[in-house]
Each structure stands twice: as structure tokens, then as C-alpha cells.
Amino acid sequence: MPLMKPAAIHAFYARLRDALPEPKTELEYATPYQLLVAVVLSAQATDVGVNRATRSLVEKVKTPQQMIALGDAKLKDHVKSIGLFRNKAKNVMALSRLLIEHHGGEVPHDRAALEALPGVGRKTASVVLNVAFGEKTIAVDTHIFRVANRTGLAPGKTPLAVELGLEKRVPEPYVQHAHHWLILHGRYVCKARKPDCPSCVVRDLCRYKAKTTVG
Ligand code: SF4
């Protein structure tokens, strides 16, 4: 896949920004801790499914201390509609204990400390750093991986290669929100099976050879 040229990359992000100036995560949360829990629960699940399961939890549990007080059995009961819920609940309880023991019950603003938590990998840490702390990270999920490769924004064989390529090439004004624009573009327009190329705002900039047509 050919690499998109810098001027086209600039125009690409400018158009996504014009369509959605203030993009937000679709996960529902009120505190950084709730965001961290939601992201851990969302692995291989949809944001809609996670929101449905956590809505009643979010009202009761705002801190790791409240999660410990709730207990493993009740947490599982709340999240049992989410895939892999047993393992995810175990990780949420363990990371809550670690946050209390090592971070005064706060979510650390630090990649290494985040990635040391159970169930938290590079992608989850990147989402928390970007959404909760405004860091300029781009967490590469399946949607961003596809969009970056199809369009030529940052072709790469692995999520890490795509992440580094995107971060290197994204122009400064768009760094903060690039993650959300790309996820939403992949989720709703540049879809896996049949991208909606005819109504895509970056169609003329995209380098994908197999663009779909009307009909
Ligand atoms: S033109 Fe098609 S392939 Fe390219 S970004 Fe838009 S939807 Fe995706």
C-alpha cells in the first residue's frame, strides 16, 4: 500500500475534524478509574455492550475502594453479558487492589505504571492516557489498523508499526484527537467488510485500490 503524502495527510485529518470537531469516546464513564475499568472490560466487546453492562455499576462504583467493597461476585453479576467476563472481573479486582496499594487509589498518569496493572496492555494504557489525561497517544485497535493500512496514512504489518507510523506522521493540530477520528471513521464509514467509499469524505485522498462504488 503506497504511503499518503504529507499534504494529503493534513487534508485527511482536517476533513475528519470538520465533520466532528470534538470527538469523544463512546464508552460511558465519569472518573479516570471508571474509564480504566470500562476499557479493560471492552477488550473484544463492543462499547455499546460494555455501556449496557456498566451503567448500573457506574452509579455505585466510582473508586477502587468501592470496587473492593462491592466484591468479585457482584462485579461478575454486573458484567456477565460481556465476553470473557470472569477473567476481566478478576483483572478489575486485582488492578483495583494494586491502585489502592501503590497509587493511593488513583489511576497513574504513567504508561509503565498502567501497563503493570493486570489486564492492561499497551492499547488500554494508550486509551487511558489519551482520553483521561489528554496525552497525544494513538491506540491502534482493529479499526485504526485497517484504516491506516487501507488509506496509506501509516501502512504497517503490526499494530505497533502502525501506531509508530501514525504518531510520526500526524500533523500537530490533529494529534490529540486522531485516535477518536480514526476509530469512528473505521467503525462507521471505512468498515471491515464493505467500506462506504461513495459517501466517504476522504475518498479522493485515500490510496485504497478496491474502493466500493454506488450500487
Ligand atoms: S475511500 Fe473507502 S477505503 Fe478509503 S477511507 Fe474512505 S471508506 Fe475507507
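1. **Helix H8.** Helix H8 spans residues 122-131 and is mostly covered, with 8 of its 10 residues buried. Buried means under 20% relative accessible area, exposed means over 50%, and partly exposed lies in between, with a 1.4 Å probe and protein chains only. The buried residues of H8 are Thr124, Ala125, Ser126, Val127, Val128, Leu129, Asn130 and Val131. They pack against helix H2 (32-41), helix H7 (111-115) and helix H11 (178-188). Contact here means heavy atoms within 4.5 Å.

2. **Basis of the model.** This is a predicted model: local features need pLDDT of at least 70, side-chain atom pairs count only at pLDDT 80 or more, and totals for chains, interfaces and linings use all residues. Residues are numbered from 1 along each chain as its sequence is written, and side-chain values use heavy atoms, with hydrogens and water left out.

3. **Elements.** The protein chain has 11 helices and 0 strands. From the N terminus on, its elements run α-α-α-α-α-α-α-α-α-α-α. Helices (H or I, at least four residues) and strands (E, at least two) are DSSP runs, numbered from the N terminus.

4. **Overall dimensions.** The protein chain has a radius of gyration of 18 Å. A compact globule of 215 residues would have a value near 17 Å, so the two agree. The radius is taken over C-alpha atoms, and the globule rule is 2.2 Å times the number of residues to the power 0.38. Along the principal axes, the C-alpha atoms fill a box of roughly 55 × 35 × 30 Å.

5. **Burial, contacts and surface.** Of the 215 residues in the protein chain, 47% are buried. Take the contacts between residues at least 6 apart in sequence: 63% of them join residues at least 24 apart. The protein chain exposes about 10900 Å², and carbon and sulfur atoms supply 56% of that area. Accessible areas come from the Shrake-Rupley method with a 1.4 Å probe; for residues, only the protein chains shown count as cover.

6. **Charges.** The protein chain carries 32 positive and 19 negative charges, and their mean positions are 9 Å apart. Lys and Arg count as positive and Asp and Glu as negative, while His and the chain ends are not counted. Each charge is placed at NZ of Lys, CZ of Arg, CG of Asp or CD of Glu.

7. **Nonpolar cores.** The largest nonpolar core has 34 residues, of which Tyr33, Leu36, Met67 and Leu75 touch the most other members. H2, helix H3 (47-60), helix H4 (64-70), helix H5 (72-79), helix H6 (85-103) and H8 each supply at least two residues of this core. H2 gives the most, with 8 residues. Leaving out residues up to four places away in sequence, Met67 touches Tyr33, Val37, Leu57, Val61, Leu75, Val92, Met93 and Ser96. Apart from this core lies another, of 27 residues, among them Ile9, Ala178, Leu182 and Cys190. A nonpolar core is a set of buried Ala, Val, Leu, Ile, Met, Phe, Trp, Tyr and Cys residues joined through side-chain atoms within 4.5 Å.

8. **Helix H10.** In helix H10 (residues 159-169), Val162, Glu163, Gly165 and Leu166 are buried. Their cover includes helix H1 (6-19), H8, helix H9 (142-151) and H11.

9. His185 sits in helix H11. With a relative accessible area of 6%, His185 is buried. Neighbours within four places in sequence aside, His185 is in contact with Leu16, Val147, Cys190, Cys200 and Val202. His10 is in helix H1. At 37% relative accessibility, His10 counts as partly exposed. His10 touches Pro171 and Tyr174, not counting residues up to four places away in sequence.

10. **Lys88.** Lys88 belongs to helix H6. Its relative accessibility is 6%, so Lys88 counts as buried. Neighbours within four places aside, Lys88 is in contact with Val40, Leu41, Ser42, Ala43, Ala45, Ile82 and Gly83. Lys88 and Leu75 are 13 residues apart in sequence and 10.0 Å apart in space, C-alpha to C-alpha.

11. **Positive phi in loops.** Gln44 is not a glycine, yet its phi is positive, near 55°. Gln44 is found in the loop between H2 and H3, and at 77% relative accessibility it counts as exposed. Leu84, also not a glycine, has a positive phi of about 55°. Leu84 lies in the loop between H5 and H6 and is exposed, with a relative accessible area of 55%.
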